[in-house]
Structure formats: C-alpha cells, structure tokens
Amino acid sequence: MSGPWPDTGIASLWCDMADTELDLPCLRGDAQADVVIIGAGYTGLTAAHRLAQLGVAPLVVDAKSVGWGASGRNGGVVSAKFRLAFPAIAQGHGMEVARRMHRLAQQSVNEVESLVEEYGLVGARFTRCGNLRCAHTERAFGYIAEEAEWMRRELGDDSLFTLSASEVAEETGSSAFTGGVLSRGVGTLHPLNYVRGLAEGLTQRHGAILFERTPVTGIRRDANGIRVVTEQGEIRARQAIMATNAYSDLTPASSMVKSRLVPFRSSIIATEVLPAALQQRLLVHARSYGETRRMMRWFRKVDGRIVFGGRGAFGKRDSKAAFDALQWAMVGLFPDLAEVSVTHRWSGHVGMTMDALPHVGRFDDRLSYAAGYNGAGVAMSTLLGRLAADFAIGESPNVALLEASRLKAVPLYPLREVAVRLVAGWYQFLDAIGR
Ligand SMILES: Cc1cc2nc3c(=O)[nH]c(=O)nc-3n(C[C@H](O)[C@H](O)[C@H](O)COP(=O)(O)OP(=O)(O)OC[C@H]3O[C@@H](n4cnc5c(N)ncnc54)[C@H](O)[C@@H]3O)c2cc1C
C-alpha cells in the first residue's frame with residue numbers, strides 16, 4: 001500500500017497495490033551529466049536506460065515523482081498499434097512505410113518484455129494475455145474483421161483471430177458485442193510497479209542519477225552545451241531530452257512540447273473484488289478488452305476486480321458526472337455489475353497530436369524529445385524513449401511517420417479545449433447512432 005499521490009490526492013488502484021515506494025532526493029546545488037532527461041515516466045526512464053547501456057551518463061529529473069504523470073496512472077494495456085490504422089497508413093504512405101510502422105509497433109512490446117526481464121520486474125506483472133477488440137455494431141465488426149484479414153495478408157501478422165458474437169459473449173460475459181478481433185501478441189502490466197521498477201533498476205544496476213521534486217524552470221544553451229535550470233540548482237550537460245508529454249504545462253520550460261499536443265483527460269474506475277461466481281463469468285481469459293467506438297472504452301480484470309476506463313471530465317478538474325458516466329457505461333455492458341461498488345476513481349492526461357501519431361527526434365542540435373502517444377503509450381513510450389536517446393547521441397534511426405518534423409503545432413492553441421469538446425460531442429453522436 002502506498003496511498004494517494006502527493007499533490008493530487010489521487011488514490012488509484014495501482015497505488016493501493018504497489019510493491020514499492022521510492023524515496024529519491026531532490027536536486028540541491030549544481031550537477032553535471034552527459035545527457036539530462038526531463039520527466040521520469042516511461043519515456044524518460046527508457047531513454048536513461050538506453051544511454052546507460054551505451055556508457056553515456058544520464059541524469060533524470062522529475063517535477064513531482066517517478067511515474068506521477070500518465071506512466072503511474074494508466075490502464076496498463078500493452079498494445080502494438082497506433083491510433084491510425086495500418087491499412088490507412090498503407091493507403092496514404094505506401095506499403096513500405098506501413099511495414100516499418102508495423103515493425104515499430106511490434107518492437108515496442110518486445111522492448112517492454114526485454115526491460116521486464118533485464119531488471120527482473122516481477123511486480124510489473126507483464127503478460128502477453130492478448131487483447132480482444134469488441135465490435136459495438138455489425139458495421140464495426142465488418143470493418144475490424146476486414147482489417148484483420150488485411151493485416152494477415154499484407155503484413156504477415158498471424159497474431160490476429162476473428163471471433164463471432166457468441167464467442168465474444170462467452171469470453172467477456174457481455175452480450176453487447178457483435179463480434180471481435182483477438183490480438184494474441186500484446187498484453188497487460190501493472191503500470192506503477194513497472195515505472196518504479198524501471199527507476200529502481202536504473203539506480204541500482206546502472207548507477208543512474210534520478211531526482212524527484214525537481215521542476216525544470218528553464219533551458220539555456222551556451223557554447224559548451226545545455227544548462228537546465230531547476231529551482232535549487234543548475235544541470236550542465238551536452239544534450240537534453242524532453243520527456244514531459246501531456247504534463248508539459250507544469251512549467252514554461254516544456255512549452256515547445258505543450259504547444260504541439262492537445263491534452264485530453266482519460267479516467268478509470270475499479271470495482272470492489274467481485275463475488276467468485278461473477279469473477280468466473282466475466283472476462284474469463286483476463287485479457288485486455290476495448291470497444292470499436294470512436295470514444296473507446298476499455299476494460300480488464302485485475303485481482304478479481306473490473307477496471308474500466310474511458311473519456312474523463314473536460315476542463316481542469318475531475319467531475320463526479322464523468323466518473324458516473326463511466327460506471328453507467330460499465331453497467332450497460334455488464335448488467336451484472338449494477339449492484340457492485342466502485343472503490344477507486346482516478347484520471348490523468350493523455351497527449352493527442354494533430355496526425356494521431358506519436359513523434360520522436362530532435363527539436364534542435366541540443367534538445368531531443370518523444371511525445372504524443374494519443375492514449376496508447378505504455379509500449380510505445382518504452383520504445384520511443386530508447387529512440388530519443390539514440391537521437392540525443394547523434395544517431396538517426398528510421399522512425400517512418402514518427403519523425404520529428406511531422407509533429408505540428410496545434411493551430412489556435414488557446415481554443416483547443418473548445419475544439420476537444422466539439423470533437424468529443426460529435427464522436428459520441430456518431431457512436432450513439434452506430435456510424
Ligand atoms: C488514465 C490513463 C490511462 C491510460 N491507459 C493506457 C493504457 O492502458 N495503455 C497505453 O498504452 N497507454 C495508456 N495511457 C497513456 C500512457 O500512460 C502514456 O502514453 C505514457 O505513460 C506516457 O509516458 P511519458 O513518460 O511520456 O509521460 P508521463 O508518464 O506523463 O511523464 C511525464 C513526466 O514529466 C514530468 N514533468 C513535466 N514537466 C516537468 C518539468 N518542468 N520538470 C521536470 N519534470 C517535469 C511530470 O511530472 C511527469 O512525471 C493512459 C494514460 C492515462 C492518463
């Protein structure tokens with residue numbers, strides 16, 4: 001048990017289930033490193049891991065604590081996909097690009113697995129239990145079944161299987177779906193144990209230096225490199241990596257990331273431990289599950305509880321109405337859960353981009369970054385953190401459509417919240433009428 005996060009009061013299920021708590025110092029005075037990394041989520045820590053492997057000394061700072069951002073709060077669904085479907089990528093950019101993007105997606109999950117093995121992260125509970133995408137209409141089922149067939153034929157992806165409505169009902173315990181596509185290679189993990197385990201592995205096995213409660217307030221360049229200014233000291237380095245993603249609004253230092261992302265609140269609820277009979281009937285293979293709706297809801301079973309996520313409240317704060325809406329959606333799919341109590345409610349921000357893809361690369365000759373996972377970043381940030389480190393040391397890996405120059409600033413940034421509400425409302429309408 002580790003209780004709520006300091007600063008937020010958020011008491012997620014993951015906090016209550018956490019194996020360890022970290023107690024890392026804050027930076028007092030000046031420091032030096034080869035590469036300084038701003039942000040201690042998956043992106044920042046996997047960048048640090050890559051650098052340590054290469055014998056380059058990383059120093060990581062976080063304004064709050066390790067995993068305080070999305071990395072410690074997410075649903076723990078480990079997927080190998082982008083928000084943009086592979087057939088659409090092939091249509092817009094050709095088969096070669098689609099194949100490279102598919103390899104990057106597969107590699108992202110392999111990267112999680114290899115880090116879990118290297119650091120012995122048993123508490124991360126990583127398992128390739130598979131993901132079942134459940135169609136909410138006949139039309140949606142036709143679309144995902146066709147997509148799966150295309151993936152098998154064109155990309156040789158033999159991890160995808162089409163399931164009928166009755167097979168999905170048997171597996172999920174819900175009769176709300178018209179069919180589904182099972183993806184076998186992907187899985188789930190315990191997000192907070194994973195991020196804390198990465199930090200422990202880095203400090204204990206690689207001797208990396210990590211500081212918590214150390215907000216970066218400015219970034220300056222001089223002839224020798226880069227100077228990262230914090231409240232109580234300055235860090236001199238040759239290179240810096242910005243790994244602040246959807247939390248880039250904490251200080252103005254990360255405004256170049258902030259101006260390129262639209263933050264969107266994603267919320268999660270967890271039920272009490274279900275009675276044994278219900279546990280046996282619902283989500284029998286304990287995979288992760290997602291819907292085909294544009295405003296997608298996802299769910300999984302964790303230690304006999306149902307964990308259910310989807311869109312959160314608009315604006316700066318959580319709202320009871322948004323959590324209630326999630327609970328109604330859950331009961332709509334699983335009427336058996338009508339009398340079951342919800343014990344945990346929490347939320348966090350995901351970073352959406354204009355082209356629905358994450359990006360990695362250099363802002364300039366001193367500053368690299370990876371960001372914009374569009375709500376599917378557990379595996380992808382694990383890979384892109386590594387690639388951001390490669391960019392920082394002067395390499396230029398082939399990242400296809402994820403390259404930095406494609407990450408565009410959000411036009412009319414001050415109006416982004418209004419735009420988010422309009423788009424979400426329109427998507428909900430299309431979902432409701434089955435389009
Ligand atoms: C509720 C929720 C559910 C999700 N579910 C899933 C899921 O099931 N599967 C999936 O694949 N993805 C999911 N995601 C997305 C995924 O969690 C993220 O894409 C991923 O964690 C991003 O990691 P990151 O390291 O880039 O950013 P973060 O983990 O957000 O880390 C950014 C860090 O930067 C720090 N920071 C910011 N500014 C400064 C500063 N000035 N100085 C120092 N530090 C600073 C912050 O304190 C923070 O710790 C979910 C996200 C949320 C919010």
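Predicted model: local features only at pLDDT ≥ 70, side-chain atom pairs only at ≥ 80, totals over all residues.
Local features need pLDDT of at least 70, side-chain atom pairs count only at pLDDT 80 or more, and totals for chains, interfaces and linings use all residues. Residues are numbered from 1 along each chain as its sequence is written, and side-chain values use heavy atoms, without hydrogens and water.

The ligand has 37 residues around it, and T43, D62, S71, V77 and V378 come nearest. A residue counts as near if one of its heavy atoms lies within 4 Å. By class, this shell holds 17 nonpolar, 18 polar and two charged residues. Nonpolar covers Ala, Val, Leu, Ile, Met, Phe, Trp, Tyr, Cys and Pro; charged covers Asp, Glu, Lys and Arg; the others, Gly among them, are polar.

A polar backbone atom of Y42 is 3.0 Å from a ligand oxygen. A side-chain N or O atom of T251 is 3.1 Å from a ligand nitrogen. For G377, a backbone N or O atom lies 2.9 Å from a ligand oxygen. The protein buries 98% of the 1000 Å² that the ligand exposes when taken alone. These areas come from the Shrake-Rupley method with a 1.4 Å probe.

Two residues other than glycine have positive phi. A356 has a phi near 65° and lies in the loop between β18 (342-352) and β19 (359-362). Strands are DSSP runs of E, at least two residues; helices are runs of H or I, at least four. N374 has a phi of about 55°. N374 sits in the loop between β20 (367-371) and α11 (378-392). At 3% relative accessibility, N374 also counts as buried.

Technical notes
Buried < 20%, exposed > 50% of the residue type's maximum accessible area, 1.4 Å probe, protein only. Polar contact = N/O pair within 3.5 Å; in protein donor to acceptor, adjacent residues only side chain to side chain.
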